[in-house]
Amino acid sequence: MNTADTISTHRARPANLLWLLALVGAAMIPWFTGSTFHFHIAIMVCIAAMATGGLAVIAWVGQLSLAHAAFAGVGAYTSVLLVTRLDVPVLLGLPAGGLAAGTVAFLIGSPLLRLRGVYFVLITFAMNELFRLVMLDIPAYSGGSSGIVGIPKISVFGQTLSRHQDVYPFMLICLVLVMGLLVLIRNGQLGRRFAAVEENLTLAESSGIPTARTQNLAFTIGSAIAGFAGALLAHYIGFISPETFGFQLSVSYVIMLVTGGRLALWGPLVGALFLTPLPEFLRGAVEYQHIIYGVVLIAVLRFLPQGLAGLPAQIARAKGGRP
Amino acid sequence: MSFLIAQSLINGVILGTLYLLMAIGFTLAFGVMRIVNFAHGEFYMIGAFCALIGVTWLGLPFPITLALTIAFAILLGAVVERLVFRPFRADELSGMIASLGLAMILQHGALILFGPDPQAFPSLVSGVFRWGALIVPKSRALALGIGIVILLVFYVFLMHTRHGRALRALVQDQEVAAVFGVRLEIMYPLGLGLGVALAAVAGGLMAPLFGVSPFIGGTPLLKAFIVVILGGLGSIPGAALAAILLGLIESFTSSFISASAADIVTFALVIGVLLVRPAGLLGRAET
């Protein structure tokens with residue numbers, strides 16, 4: 001298996017099947033242990049994987065967004081305000097959150113995406129700060145620095161999912177839907193266009209690909225997914241404030257993406273799966289959690305530029321053998 | 001009214017000078033090494049802790065403490081360049097992501113060592129200077145004075161010494177500088193070390209005014225960011241202009257409108273400048 005395979009072909013190969021089985025196995029763990037705490041971790045992994053998946057779509061066209069938390073915030077606030085103020089059902093509020101975030105991204109995307117590389121990162125960083133500051137300045141809607149508490153739980157057809165065990169299957173379905181969308185995009189014509197733009201912008205432009213529109217599309221889709229994930233987070237945790245969606249959250253999405261693999265299809269899932277439960281295994285050393293995050297991030301950048309998802313291919317290459 | 005304007009002007013210049021200390025180190029790291037250093041604020045925090053340790057634990061006089069802080073910070077910057085940033089020289093984006101990791105390591109390292117609580121710093125001077133209705137606390141005037149002296153020393157170093165010229169050459173063109181014998185393996189650690197030292201000294205100067213805790217790095221980082229984007233990444237004269245401008249904007253908006261409005265105005269300004277002129281006020285356009 002080499003990297004080119006993971007990008008284009010989607011035939012079921014034994015290795016891929018094995019990975020899929022491992023993933024399904026990992027998803028089943030909470031049911032085996034039956035622990036509420038494990039359900040909680042699994043739910044957080046699902047939400048983080050979805051949000052990071054959105055970031056991955058943006059990364060596929062070669063841009064890194066540090067405003068991802070702000071878009072999650074737009075989605076969260078949209079859904080929460082619709083549900084609490086206008087009595088919209090949560091099941092409609094969630095996609096509305098995604099839609100709102102996507103719309104905002106679409107509107108501001110084309111001027112922002114003229115910037116590339118570190119400049120795009122800087123402006124998205126500034127956007128995220130601006131979002132936080134503006135939200136803090138309108139406490140009537142955002143709840144100000146004390147936030148909004150007592151957000152209604154997710155309910156499906158009149159059935160409120162109050163226990164962790166009940167929320168988890170719902171989150172899994174959402175995750176499968178989002179990952180399915182990612183697979184569809186990646187393996188379809190759009191994915192090839194994204195890859196062309198990421199690989200060589202000038203060449204893509206001269207081959208007749210509308211690069212500006214393609215990048216904006218990726219930004220819109222990715223941010224909409226972030227909005228959806230943010231809405232899920234809000235209704236699951238039950239509390240949001242402008243600070244929830246600050247710089248730190250954006251950074252943690254970037255860390256998960258980079259650790260998992262910036263350009264790998266399964267990178268976001270691998271990153272979330274690896275980094276979300278990590279602090280829980282280090283419960284005796286909570287204060288070391290962020291230090292370990294930092295070390296993992298730098299080590300992955302240095303030694304695994306393809307991320308953890310690219311590890312099998314890298315090992316295969318190191319052995320010098322072909323599978 | 002005219003009194004309020006004059007007071008805002010003075011406060012603005014004081015703020016601007018402090019922002020400049022932060023921003024020059026930041027822009028130097030970008031100009032020399034192409035690194036957008038998200039850990040820059042943590043070096044400010046480390047400088048503040050160095051000053052605290054020197055003055056309260058070791059009982060050293062403040063000037064000696066500052067000198068030791070600078071020496072320590074240059075060393076620290078050189079080590080960080082070697083361990084963290086060197087592999088990413090050719091890759092701006094990876095270097096920047098690595099700096100995010102470095103910031104987490106430094107901040108939470110300080111958290112483990114010193115605990116989360118803000119620590120008081122003994123005040124060095126007390127009282128105020130008055131000219132008519134204008135008031136400047138002596139502690140601020142002291143910070144301003146030392147800050148200006150350090151900036152002047154740095155200016156002389158940059159303009160009139162061999163290493164200063166080499167750094168400026170690197171900012172202008174890496175390859176040509178290397179061809180003309182600028183030794184990258186010395187200049188890179190030196191460039192980052194000096195940048196880190198400027199941040200640390202700003203932290204040391206500010207410690208008596210704002211106190212010390214592991215979380216104080218965030219705001220100065222933001223200010224450095226704003227200044228450097230406004231002035232143009234990598235441009236030192238741009239940083240100087242933008243720092244004073246930012247100080248004045250903040251001071252006037254918070255006197256005449258409100259403090260939160262000041263933040264929103266500056267961020268809107270940053271986004272506007274990035275969109276209209278990504279190279280900043282005095283920066284060079286990227287190709």
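Colleague: What makes β1(B) and β2(B) a hairpin?

Modeller: This is a predicted model. In it, 2 residues lie between β1(B) and β2(B). G132(B) sits in that turn, with a positive phi of about 60 degrees.

Colleague: How do you know that β1(B) and β2(B) pair?

Modeller: Pairing takes at least two bridges. Here 4 bridges join β1(B), residues 128-131, to β2(B), residues 134-137. So the two strands count as paired. They run antiparallel.

Colleague: Which residue of β2(B) stands opposite W131(B)?

Modeller: L134(B) does.

Colleague: Now chain A. What span is expected of α11(A), and what does it reach?

Modeller: α11(A) covers residues 211-237, which is 27 residues. The expected span is 39 Å at 1.5 Å a residue. From first C-alpha to last, α11(A) reaches 38 Å, close to that value.

Colleague: Why is α11(A) called mostly covered?

Modeller: A buried residue has 20 or more other C-beta atoms within 10 Å of its own. In α11(A), 24 of the 27 residues are buried, so the helix is called mostly covered.

Colleague: What follows α11(A)?

Modeller: G238(A), whose phi is positive, near 90 degrees.

Note on methods: Residues are numbered from 1 along each chain as its sequence is written. Chains are lettered from A and ligands numbered from 1 in the order in which they are written. This is a predicted model: local features need pLDDT of at least 70, side-chain atom pairs count only at pLDDT 80 or more; totals for chains, interfaces and linings use all residues. The expected span of a helix is 1.5 Å times one less than its number of residues. A residue is buried if 20 or more other C-beta atoms lie within 10 Å of its own, exposed if 12 or fewer, and partly exposed in between; C-beta atoms are placed from the backbone.
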